Amino acid sequence: MELNDQITINAPMARVYAALNDPEILRHCIPGCEELTQLSDTELQAKILLKVGPVKARFSGDVQLDKSGAPDAFSLTGQGNGGVAGHATGGADVTLIADGETTILTYDAKAKIGGKLAQLGSRLIQSTSKKLAAKFFQSFAEALDAEKVG
Amino acid sequence: MKDDITREERVAGLKGMGCSRKRVEDARFTQGKGNYVDDIKLPGMLHGDFVRSPYAHARIKSINIDAAMALPGVVAVLTAKDLEPLGLHWMPTLAGDKQMVLADGKVLFQGQEVAFVVASDRYVAADAVELVEVDYEELEVLVDPFKSLQSDVVLREDLVAEDGSIPNGAHGPRKHPNHIFTWEVGEEEATNQVIDNAEVVATEEMYYHRTHPCPLETCGSVASMDKVNGKLTLWGTFQAPHVVRTVASILSGIEEHNIRVVSPDIGGGFGNKVGVYPGYVCSIVASIVTGVPVKWVEDRMENLMSTAFARDYWMKGKISATKEGKITGLHCHVTADHGAFDACADPTKFPAGFMNICTGSYDIPVAYLGVDGVYTNKAPGGVSYRCSFRVTEAVYFIERMIEVLAIELNMDPAKLRSINFIKKEQFPYTAALGWEYDSGDYQTAWDKALAAVDYTGLRAEQAQRVEDFKAGKTRKVMGIGLSFFTEIVGAGPVKNCDILGMGMFDSCEIRIHPTGSAVARLGTISQGQGHATTFAQILATEIGLPADSITIEEGDTDTAPYGLGTYGSRSTPVAGAATAMAGRKIRAKAQMIAAYLLEVHDDDVEFDVDRFVVKGAPERFKTMKDIAYAAYHQAIPGLEPGLEAVSYYDPPNMTYPFGAYVCVMDIDVDTGVPEIRRFYALDDCGTRINPMVIEGQIHGGLTEALAVALGQEIAYDDMGNVKTGTLMDFFLPTAWEVPNYETDFTVTPSPHHPIGAKGVGESPHVGGVPCFSNAVQDAFRPFGNRHTNMPHDHWRIWQTANSLGMHG
C-alpha cells in the first residue's frame with residue numbers, strides 16, 4: 001500500500017520540523033493515539049487504538065526516525081502489532097519546503113499489512129489510511145495554527 | 001380375498017423408487033426446527049475459541065496466557081505444551097501425514113490454531129483470545145508451490161532428518177524438503193513416443209485455483225466427557241461419524257464402546273466436513289480436563305481460512321491426435337499445492353484422488369499422469385468439493401484439453417467429442433489409466449443434448465454475432481460452453497479403497513415393527529441430500545412397506561451400523577446398495593412366513609409390490625403388513641421370531657455416472673459481465689430413485705459450479721494473507737446470479753449395483769465447472785482466445801477482452 005500527499009502548513013519550516021519531533025504534539029494529532037513515549041532522540045514507542053472496518057484493536061509499535069536529512073527532510077520506519085487483529089510494517093519519507101511563512105509538507109509512505117486487518121479490511125485499508133493521514137495532518141496544521149493565534 | 005384398489009394404486013401408495021416423493025426432512029428445515037451442532041446446549045457447557053496466527057510462517061518465541069486467564073469467566077487456555085503430555089499436540093491426517101493441533105514452536109499458515117481458550121460463554125472466550133500474547137518471529141513465506149520446490153526455506157522441519165536427508169513420506173520418496181510425494185499412473189515413455197510422433201499435438205497449462213466448499217453451517221463440535229461412567233459423547237459436523245469415533249479412540253486411548261459420536265443435522269458439507277480438525281480435538285481435551293461439556297463452533301472467517309480447501313492444482317497437458325481428430329495419447333502433469341500439512345481426504349492408495357480418471361469419456365489408447373504434491377504456507381486440506389476425489393480437476397483438465405485440441409485441429413468441439421467417445425459396445429471399458437468403466441451410452445446422451453439446444457442453430461447465431469461485433473453493431477459476444485463428463489463415484493471396493501486403513505464399504509440395518517412400519521439405520525449421514533426421503537423409497541420398493549412408514553436414521557454411532565460416511569457421491573452407490581441388499585434379506589424371510597401362512601411351499605409364492613401372492617392365484621396373498629405382524633406374534637415352526645436384517649456392502653466396482661451439458665452465454669466485453677442465457681443439463685445417473693431430489697441436487701451442484709467457475713476463490717497475497725476470508729470477497733451466488741436450469745436425463749443402469757443406481761449429487765458440479773468455463777472461453781475463441789484461467793470474474797473477463805484488443 002502506498003500513500004502520498006502534499007499539504008501546506010501555516011507555520012515556518014523550522015517550527016514544523018520541531019513540531020514533527022515533539023511527542024506531545026504528535027500524541028495529540030495521531031488519530032487514536034493513547035500513549036507516545038520518546039525512548040531516545042530517534043526512537044518512539046506508541047499505543048494506538050485503531051479501527052479499520054470491522055476490526056478494532058490496540059496496536060503497540062515502535063518508530064525509528066532518520067534525521068540525517070534535517071531540517072528539510074526526515075524519514076521514519078516502524079512496525080506495529082495488534083495481536084490477533086494483525087500487524088503492519090512501513091515507512092515514510094517527509095520533505096519540507098519553506099514557502100514564506102508557510103511550509104509545504106510532502107509525504108510518501110509505504111506499508112505492508114498482515115493478519116485480520118489484511119483479510120477483513122483489505123478493501124478499506126487504503127481509504128482508511130488516507131483518511132487517517134489526512135486527519136493527522138489536519139490536526140497537525142490546526143495545532144500549529146492555534147499556536148500562532150494563541 | 002379381493003382387493004378394492006388396483007395394482008397401480010398399490011405401487012403409488014408405496015412412494016417407492018421413481019416417485020417424486022416430497023422430502024420428509026423439509027418439514028423441520030423449513031420451520032426452523034432442525035437440530036444442528038450449535039443448537040446443542042448442555043448444562044454447564046463451556047465455550048472454546050482459538051487464538052489463530054496472523055502470520056503465514058513464523059516461529060513462536062513465547063505465549064503469555066496470564067492476562068487471558070485473569071479475565072473473569074476464563075477457565076483454561078490450552079497450548080501445545082498442555083497437549084504434548086497426552087500426545088495430542090499433533091494428530092494424524094487422512095493422507096498419512098500429521099498436523100499440529102496447536103502450534104508446536106512455529107506456525108505454517110495464516111489462521112493456524114495457536115491456543116484454545118475455554119470460557120463460560122462465547123463472548124468471554126472471544127475477549128480472552130485477544131488477551132493471549134504471542135510473540136512471533138516472522139519467517140520467509142512460500143505461497144507458490146514452484147518456488148517452494150526451489151527454496152532453501154524448510155517448511156516442515158519435522159520431516160527432515162537430523163543429517164539433513166529427506167525421509168520417505170506416506171506415498172514414497174520425496175525430492176525436496178517441501179515435496180510431499182510423486183504419484184505416477186500409466187506409461188510415460190509410450191505416451192511420449194505417441195505424442196512426439198503425432199500428426200497434431202495440443203499443449204496447455206492451466207491453473208485450477210484454490211477454492212473452498214463454504215457450507216452454510218461452519219464446522220463445530222460439542223464434547224461431553226462423563227467422568228462417572230467413563231463415556232465420551234461427541235456431537236459434531238462430521239460427514240463420517242464412524243471414522244471419527246475410530247480415530248478418536250485410537251488417539252485418546254478411550255475404548256471405542258465408550259465413545260459415542262453423533263452427527264446431528266448438518267447444514268451442508270461438500271467435503272468440508274470430512275476431515276478431522278484441531279477444534280474437535282481441543283473440545284474433547286477441554287471436556288476431559290474440565291469435566292464439563294465444551295462447545296467449539298468456528299465463525300465464517302475461520303471456516304474459510306483454516307478448514308479444508310479444495311483444488312489448487314497446476315495442470316500441464318499434452319494431447320495428440322490424427323488430422324481427422326482421433327485422439328492418440330494424453331500426458332498430464334500436476335503440481336498440487338497441499339498447503340502446510342498433507343490433509344487431503346483421499347483413499348490411501350490415491351494421493352491425488354481419482355485424478356487418473358482424466359482420460360474422461362474418451363477412448364484414449366495411451367496415457368500418463370504424474371502428480372507432485374508440495375507444501376506451502378497455506379491452509380491444509382485438498383478435499384473434494386462437491387465431487388468424488390479430485391474428479392472435478394480431472395474433468396476440467398480433459399474438457400479444456402479437448403477444447404484446445406479442437407482449436408489446434410480447427411474442428412468443432414462437439415464433433416471432436418463424438419469422434420472420441422468410448423462407444424456403447426466397448427463397456428465395460430478399461431481406460432488407459434486403469435479404471436474399469438462399468439457402463440455408458442455417451443453418444444445417445446450427446447446427440448440428445450445437442451438436439452435439445454439446437455446446437456447447429458446456436459453456432460450459426462454465434463457466427464453472426466462475431467460479424468456483428470466486428471461491424472460495431474454489438475458489444476456483446478456469445479459463448480457456447482460444452483462439457484461431457486464421466487464421474488467416478490461410490491468409493492469403493494475395500495480391495496483398493498480405504499481411508500486410514502478403514503475399508504470403504506457401507507451398511508444398512510433394518511428393523512421391521514410388528515404393525516408394518518420400519519426403521520432403517522445406515523452408516524452414512526445426510527448433509528442436505530435427503531437420505532431420509534430416498535433411502536426409504538429404495539426400501540419401500542424392496543420390502544413393500546410404504547416409504548411414509550419407514551424412518552431412516554443415520555449419524556449416531558451408538559445405533560447406526562458402521563459405515564464410512566457421506567462424500568464422493570458414495571451414499572447411493574454403497575449404502576443404497578446395502579439398503580437394497582438388507583431389504584432383500586427381509587423379503588427372503590417374509591417369503592417363508594407368507595408361504596407358511598398361505599399353507600404353500602416357499603417356492604409357490606412370489607413378491608408383488610406390497611405382498612406375497614400364491615403363484616397363479618393372485619387372490620390368495622399376504623401383505624407385508626400381515627407378514628410383519630405374524631413374524632413377531634405367531635409361532636412359526638423353524639423360524640425365529642422377529643423381522644430384522646443387516647447388510648454390509650463392499651461394492652465390486654465404482655459407478656460411473658455421466659452427463660452432457662451445454663451453456664449459452666452472452667458477455668459484455670466492456671464490463672466483463674457474463675449473462676447466462678441458457679443452461680441445459682442432461683444427467684445419466686442410472687436408475688432414478690427420486691426425480692425431484694435429483695433435480696434439486698443438479699440445481700445445487702450447478703450453482704456451486706457457477707460459483708467456482710465465475711468467481712469463487714481463496715486468494716493469498718505474497719505474505720500469505722488470505723485475501724478472501726469473508727463473504728464480501730468470497731463469492732457465494734444468490735438467486736440474483738443463478739440462471740434457470742433445464743434438466744434432462746437418459747438412464748443407463750449400473751450393471752453391478754443391486755438397483756442400478758450410480759449417484760448424482762456431485763455430477764452437476766463436475767460437469768458444470770468446465771461447462772461454464774468453456775462458455776466464457778468459447779465466446780472469445782473467434783477473437784484468438786485459447787485458454788484463460790478461472791475464476792472468470794468480471795475483472796478477469798474484462799482483462800481477457802482487453803488483451804485480445806477488443807476494447808478498440
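1. Let's start with the partner of Leu234(B): in β13(B), its bridge partner is Val261(B). Strand β13 (residues 259-262) of chain B runs parallel to β12(B), and four bridges join the two. Strands here are DSSP runs of E with at least two residues, helices are runs of H or I with at least four residues, and both are numbered from the N terminus. Two strands pair if DSSP finds at least two bridges between them. This is a predicted model, where local features need pLDDT of at least 70, side-chain atom pairs count only at pLDDT 80 or more, and totals for chains, interfaces and linings use all residues. Residues are numbered from 1 along each chain as its sequence is written, while chains are lettered from A and ligands numbered from 1 in the order in which they are written.

2. Staying with β12(B), residues 231-236: strand β11 (residues 220-226) of chain B is joined to β12(B) by six bridges, and the two run antiparallel. Met225(B) stands opposite Leu232(B) there. The hairpin of β11(B) and β12(B) has four residues between the strands, and Gly230(B) takes a positive phi near 70° in this hairpin.

3. Now the open sheet of chain B. Four strands form it, in the order β21-β31-β32-β33, with mixed pairing. Its edge strands, which pair on one side only, are β21 (476-486) and β33 (741-745) of chain B. On average, neighbouring strands are turned by 15° against each other, direction ignored. Helix α14 (residues 455-470) of chain B packs on this sheet and touches β21 and β31 of chain B; the direction of α14 makes about 145° with that of β21(B). (Axes are lines fitted to C-alpha atoms, for helices over the stretch in contact, and angles run from 0 to 180 degrees between N-to-C directions; residues are in contact if their C-beta atoms, placed from the backbone, lie within 7 Å.)

4. Inside that sheet, β31 (residues 658-668) and β32 (residues 673-684) of chain B run antiparallel, with 11 bridges joining them.

5. Have a look at the helix pair α15 (residues 531-543) and α16 (residues 571-598) of chain B, whose axes come within 9 Å and cross at roughly 35°. The residues making the contact include Phe535(B), Ile538(B) and Leu539(B) on α15(B), and Gly576(B), Ala580(B) and Gly583(B) on α16(B). The contact residues divide into six nonpolar, five polar and three charged. (Ala, Val, Leu, Ile, Met, Phe, Trp, Tyr, Cys and Pro count as nonpolar, Asp, Glu, Lys and Arg as charged, and the others, Gly among them, as polar.)

6. How many residues of α9(B) are buried? The count is 10 of its 13 residues, so the helix is mostly covered. Among the buried ones are Tyr280(B), Val281(B), Cys282(B) and Ile284(B). (Buried is 20 or more other C-beta atoms within 10 Å of a residue's own, exposed is 12 or fewer, and partly exposed is in between, with C-beta atoms placed from the backbone.) Just after this helix, Gly291(B) takes a positive phi of about 75°.

7. The chains do touch: 12 residues of chain A are in contact with 13 residues of chain B. On the chain A side, β7 (102-114) and α3 (116-120) are the elements giving two or more residues, and α3(A) gives the most, with four. That side divides into three nonpolar, seven polar and two charged residues.

8. Some backbone spots to check by eye. Most residues other than glycine have a negative phi, and most peptide bonds are trans. The bond from Phe427(B) to Pro428(B) is cis, with omega near -5°, and Pro428(B) is in the loop between α12 (413-420) and β19 (429-430) of chain B. The bond from Met790(B) to Pro791(B) is cis as well, with omega near -10°; Pro791(B) lies in the loop between α19 (763-780) and α20 (794-803) of chain B.

9. Two non-glycine residues with positive phi also deserve a look. Arg390(B) has phi near 60° and is buried, with 30 other C-beta atoms within 10 Å. Leu500(B) has phi near 50° and is partly exposed, with 16 other C-beta atoms within 10 Å.

How values were computed: Two residues are in contact if their C-beta atoms, placed from the backbone, lie within 7 Å.
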